[in-house]
Amino acid sequence: MNIMDFNVKKLAADAGTFLSRAVQFTEEKLGQAEKTELDAHLENLLSKAECTKLWTEKIMKQTEVLLQPNPNARIEEFVYEKLDRKAPSRMNNPELLGQYMIDAGNEFGPGTAYGNALIKCGETQKRIGAADRELIQTSAINFLTPLRNFIEGDYKTITKERKLLQNKRLDLDAAKTRLKKAKVAEARAAIWAEEVTKSEQEVRITQSEFDRQAEITRLLLEGISSTHAHHLRCLNDFVEAQMTYYAQCYQYMLDLQKQLGSFPSTFLSNNNQSSTTPVQSVSSPSVLASASASLPSVSNSMVTSGLSELKSSSGSRKARVLYDYDAANSSELSLLADEVITVYSIPGMDSDWLMGERGSQKGKVPITYLELLN
């Protein structure tokens, strides 16, 4: 037998197998053939694998959107990655904004208040841009890459073995169908007993191959639990990277706010420097320390004398608002910079707050946003 004859016979056998599977699959769909069901444990593992693949893809894609909102930039990075080439380095949005601010500040004059402030803001934006790059790089290595490896590696292997299992099941059920028909024909004396024996042997072989493939698929699927544990570690790395990024950005903005606070109040009176309430919790001790030192403050003399006098008396005082303040809840009073309100203390109130009144409106106000008037 030459090689060509062997290939022809192999192709004919493959075609016969494919046709047998197709017939079995069609008859199952039409309800004309019995189907071997997988055991419940294997079905649960298959369902868990599909669920893991589905949500891993969604999380991975949305994380990519979060880290790089520009779809054109994502496409460019994907193309360069497939070409195994490094994408050209470009300024990100904070860096570009920072450069514009620095250029504008130099144009207006570094010696002017506005020009100097623009330069300081620009430098901070560029530092934020650098932190953004670090977040993207760290997240890609520690979070996105492991998720992508699962989708393009482990799950592809599972899919391949699952397809083989499906084919082995179709072969088994087709063999069972042929055996059943052979026994019916034997009962009618239409075929020899050898045909039944041959069909029984075929069933035993296909059953053995099916059981072996089911075990291989089961072992692969049981690795999904290990995949979850690995992805959990990667998720912790991603959270840590985000924590570091936001702590850095918060620290940069606190430093910038402190620098801008050194300008004369004439230039800052219309700025909404404190339109939101202070951040409640930052994990970095250095950030906390800086935050406490950089939040809007008033002079020590006012705190130690004017406020202590006001709190010890039952009277009220006029106070000028230093910064805009948005009330966090209905018990607080929103403030506008430079307006004058009436303030007073009530027993049991926190030392950092006073009661404020503006016409018929009243509520708690933070003392760090006030300057008591004589």
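Let me start with a contact: arginine 162 and glutamate 50 form a salt bridge, and their closest N and O atoms are 2.4 Å apart. Arginine 162 is in helix α5 (residues 113-187) and glutamate 50 is in helix α2, so the pair ties together parts 112 residues apart in sequence. By salt bridge I mean a side-chain nitrogen of Lys or Arg within 4 Å of a carboxyl oxygen of Asp or Glu.

Some ground rules. This is a predicted model, where local features need pLDDT of at least 70 and side-chain atom pairs count only at pLDDT 80 or more, while totals for chains, interfaces and linings use all residues. Residues are numbered from 1 along each chain as its sequence is written, and side-chain values use heavy atoms, with hydrogens and water left out.

Back to the pair. Arginine 162 has a relative accessible area of 31% and is partly exposed. Glutamate 50 is partly exposed too, at 37%. The cut-offs: buried is under 20% relative accessible area, exposed is over 50%, and partly exposed is in between, with a 1.4 Å probe and protein chains only. Helices are DSSP runs of H or I with at least four residues, strands are runs of E with at least two, and both are numbered from the N terminus.

How many salt bridges does the rule give? The count comes to 13. Side chains of opposite charge can pair when their charged atoms come close.

Next one. Arginine 133 bridges to glutamate 95, with closest N and O atoms 2.9 Å apart. Arginine 133 is in α5 and glutamate 95 in α4, so this pair ties together parts 38 residues apart in sequence. Arginine 133 is partly exposed, at 35%. Glutamate 95 is buried, at 12%.

Then arginine 178 and glutamate 202, at 2.3 Å, N to O. Arginine 178 is in α5 and glutamate 202 in helix α6, so the pair ties together parts 24 residues apart in sequence. Both are partly exposed: arginine 178 at 34%, glutamate 202 at 28%. There is also a salt-bridge network, linking Glu215, Arg218 and Glu222.

Now helix α4, residues 93-108. Its 16 residues reach 22 Å from first C-alpha to last, close to the 22 Å expected at 1.5 Å a residue. That expected span is 1.5 Å times one less than the number of residues. Which residues of α4 are buried? Pro94, Glu95, Gly98, Ile102 and Gly105. Down the axis of α4, the buried residues fall within an arc of 95°, so they line one face of the helix. The arc is taken over directions from the helix axis to the C-beta atoms. On the other side, Asn93, Tyr100 and Glu107 are exposed.

Helix α6 covers residues 193-222 and holds phenylalanine 210. Phenylalanine 210 is buried, at 7%. Phenylalanine 210 and glutamine 166 are 44 residues apart in sequence and 8.7 Å apart in space, C-alpha to C-alpha.

Last, the strands. β1 (residues 316-321) runs antiparallel to β2 (residues 340-344), with five bridges joining them. Arginine 320 has valine 340 as its bridge partner in β2. β1 also runs antiparallel to β5 (residues 370-372), joined by three bridges. There, alanine 319 has leucine 372 as its partner. Strands count as paired if DSSP finds at least two bridges between them.
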